[in-house]
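Please open the structure in a viewer and keep the selection tool at hand.

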Amino acid sequence: MQKLFLPLLVVTAALFAYAPFAIQNAPYESTMGLVQKIFYFHVPSWMAMFSAACVCGIAGALVIFGGRKDADRVAEAAAELAVLFGLMGLLTGPLWGRKAWGVWWQWDARLTSALVMWLVFVAYLLLRKYGGPGSEKLSAVLALFGMANVPFVYWSVNVWRTVHPKTSVVMTLAPSMGRPFLLCSLAFMGLFGVLLAARVRLQNVRATVDELYLSIED
Amino acid sequence: MKKAALLLMLVLAAVPVFAAQPPTAPDGFVPASSLPGQEQLPAAPLVIAAYSIVWLLVLGYVWSIWNRIGKAERELADVSRRIAASQRR
Amino acid sequence: MRKDLLIEFRSREVIYTTLFFAVACVLVFAFGFVREGIPVDDAAAGILWIAIAFSGTLALGRTFERERQNDTLRALMLSPVDRPALYLGKLAGVLLLLAAVEAVIAPLIALMFHAPLFAFPMLMALLLAAGTVGFSAVGTLFAAMLVRARSRDVLLPVLLYPITIPVIIAGVRGSAALLQPEADVPVARMWLSMLVFFDIVFVTLALWTFEPAMTE
């Protein structure tokens with residue numbers, strides 16, 4: 001696992017370095033023009049957020065049902081990343097929507113459910129910070145509920161009539177748009193992996209320090 | 001620590017690449033079917049803002065992790081030293 | 001389960017304070033949303049569910065605070081009671097409490113906001129029941145788990161509201177559909193089925209995680 005970190009980092013950095021070229025060369029969308037290019041970062045941000053939410057939920061399940069302490073470190077790292085990538089998505093979306101829809105925000109099914117899911121992971125972080133000892137299990141339960149939100153948010157745009165584009169848009173992209181999109185998606189997933197590894201490393205170091213403190217007290 | 005330094009170098013290297021690529025200026029590019037009077041709101045500031053936000057958030061987070069790992073590793077070294085010192089006695 | 005209910009009934013403190021809080025909540029909203037004797041449109045549905053959510057949170061906090069002070073929860077955990085039954089017992093207690101609250105504030109809201117809450121009594125009752133079950137299922141789980149945590153009073157709303165916002169939204173939309181001048185029954189039924197879906201997911205998740213999460 002450790003050996004993968006550096007290659008992943010290099011690949012991710014290369015993808016991000018190339019991304020502006022790819023995005024600039026992508027064709028304009030016919031009705032939205034330049035502002036549609038936010039799409040290349042907006043959708044991958046949410047993809048990374050969903051991944052973080054699922055990683056957090058699965059790690060939480062491992063904590064509760066498997067009793068694995070090390071899963072808890074991954075859960076906390078993933079929750080932080082879920083908040084980070086969610087924030088990216090929540091900020092880039094309205095910037096696009098302001099031009100495309102004329103409003104910064106709409107309380108439709110997709111936007112509302114996405115915001116709520118993001119709030120669940122913010123609550124997770126608050127719980128870990130202020131809940132005191134023993135909040136690992138409770139936060140794991142919270143993470144499970146948060147992960148249950150992911151399919152709901154994803155399909156909300158297909159089930160209800162919302163102002164947000166449907167999921168079929170990604171599947172039916174023209175190749176000239178599909179290639180930069182794929183590139184950015186891979187870049188964001190790589191970024192997610194890199195940041196997750198770094199954040200888990202922080203948790204590991206902190207855990208080692210705690211163990212050492214405990215051994216001193218003996 | 002070497003890994004962290006490499007990470008920082010690569011990230012910093014990407015920034016000038018991005019900076020040298022100005023987001024496309026609106027002049028000369030006319031969207032395919034939009035008419036001038038439709039929406040006066042210029043898109044370029046929004047696009048620039050969106051990409052800047054993403055970059056700032058990523059860099060800010062990387063910096064935050066860097067700081068926290070540094071602090072934790074210093075603490076680790078400190079505690080290890082104290083243990084080693086107490087064991088020598 | 002019966003023991004829990006007996007304990008709930010014997011101490012009237014929680015039910016009286018929760019009822020009072022719910023009524024006060026509705027009154028405050030009434031002053032806010034009724035201008036010159038005419039209520040703002042669709043206010044009734046929102047206020048009904050907000051009052052349920054707030055008083056529910058209060059009731060959950062008070063109920064489990066009592067448990068914590070008497071350390072009865074740990075005693076119950078040590079007893080050979082089946083864990084899911086323990087959770088369901090607590091849930092039943094909370095549901096009864098909230099049902100009492102709703103029985104009081106629903107007529108009150110109907111009165112103050114000129115809202116025809118009893119035009120479709122069966123459907124409205126089902127909406128209220130389904131929404132309350134969803135809210136309480138998550139609330140009971142979190143309140144029980146927070147018993148031993150720090151800052152539990154503040155953390156219960158922080159944890160509970162993001163998860164239950166979809167339930168509240170569905171409840172409000174369903175009730176609002178019924179309270180319109182030309183009541184939209186199919187839409188209300190759609191929201192009801194959505195609430196039932198939430199209930200199944202939440203109760204299942206809660207039953208699944210209650211035992212492993214509560215044991216040390």
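A crossing of two helices is called right-handed if the near helix is turned clockwise from the far one by less than a right angle, and left-handed if it is turned anticlockwise. This term will be needed at two stops below. The model shown here is a predicted one.

**Stop 1: chain A as a whole**

Taken along the principal axes, the C-alpha atoms of chain A fill a box of roughly 70 × 40 × 25 Å. Chain A has 218 residues, of which 50% count as buried. Consider next the contacts in chain A between residues at least 6 apart in sequence: 78% of them join residues at least 24 apart.

**Stop 2: chain C as a whole**

Now select chain C. Its secondary structure comes to 8 helices and 2 strands. From the N terminus on, the order of elements in chain C is α-α-β-β-α-α-α-α-α-α. Of the 216 residues in chain C, 46% count as buried. Among contacts in chain C between residues at least 6 apart in sequence, 84% join residues at least 24 apart.

**Stop 3: a crossing inside chain C**

Two packed helices are described by the angle between their axes and the distance between the axes. Select helix α5 of chain C, residues 83-112, together with α8 of chain C, residues 185-214. The axes of α5(C) and α8(C) come within 9 Å and cross at roughly 120°. The two helices are therefore oblique to each other. What is the hand of the crossing of α5(C) and α8(C)? The crossing is right-handed.

Show the side chains where these helices meet. From α5(C), the contact is made by C:Arg83, C:Pro84 and C:Tyr87, and from α8(C) by C:Ala206, C:Leu207, C:Phe210 and C:Glu211. These residues divide into 5 nonpolar, no polar and 2 charged.

**Stop 4: where chain A touches chain B**

Display chains A and B together. The contact between them takes 41 residues from chain A and 39 residues from chain B. On the side of chain A, the elements that give two or more residues are α1 (2-25), α2 (39-66), α3 (69-100) and α7 (175-217). Which element of chain A gives the most to this side? It is α7(A), with 13 residues. The residues of chain A that touch chain B divide into 28 nonpolar, 7 polar and 6 charged.

**Stop 5: where chain C touches chain A**

Turn to chains A and C. Here 19 residues of chain C are in contact with 21 residues of chain A. On the side of chain C, the elements that give two or more residues are α6 (121-146), α7 (152-179) and α8 (185-214). The largest share, 7 residues, comes from α7(C). This side of chain C divides into 15 nonpolar, 2 polar and 2 charged residues.

Within this region, select α5 of chain A, residues 135-159, and α6(C). Their axes come within 10 Å and cross at roughly 165°, which makes α5(A) roughly antiparallel to α6(C). In contrast to the previous crossing, which was right-handed, α5(A) passes α6(C) in a left-handed crossing. A:Lys137, A:Leu138 and A:Val141 in α5(A) meet C:Leu141, C:Met145 and C:Leu146 in α6(C). The residues of this contact divide into 5 nonpolar, no polar and 1 charged.

**Stop 6: one residue, A:Ala123**

Select A:Ala123, which lies in helix α4 of chain A, residues 109-130. Is A:Ala123 buried or exposed? A:Ala123 counts as buried because it has 24 C-beta neighbours inside 10 Å, and the cut-off for a buried residue is 20 or more. Leaving aside its neighbours within four places in sequence, A:Ala123 is in contact with A:Leu142, C:Val158, C:Leu159 and C:Pro162.

**Stop 7**

In soluble globular proteins, nonpolar side chains tend to be buried together. The largest nonpolar core of this model has 148 residues, and those with the most contacts inside it are A:Ala52, A:Cys56, A:Ala78, A:Ala82 and C:Ile109. The largest share of this core, 16 residues, comes from α2(A). Finally, select A:Ala52. Apart from its neighbours within four places in sequence, A:Ala52 is in contact with A:Ala78, A:Leu81, A:Ala82, A:Phe85 and A:Phe192.

Notes: Residues numbered from 1 in each chain as written. Chains lettered and ligands numbered in written order. Predicted model: local features only at pLDDT ≥ 70, side-chain atom pairs only at ≥ 80, totals over all residues. Contact = placed C-beta atoms within 7 Å. Helix = DSSP H or I, 4+ residues; strand = E, 2+ residues; numbered from the N terminus. Nonpolar A, V, L, I, M, F, W, Y, C, P; charged D, E, K, R; others polar. Axes fitted to C-alpha atoms, helices over the stretch in contact; angles between N-to-C directions. Parallel < 35°, antiparallel > 145°, perpendicular 65-115°, else oblique. Buried ≥ 20, exposed ≤ 12 C-beta atoms within 10 Å, placed from the backbone. Core = buried A, V, L, I, M, F, W, Y, C linked by C-beta atoms within 7 Å.
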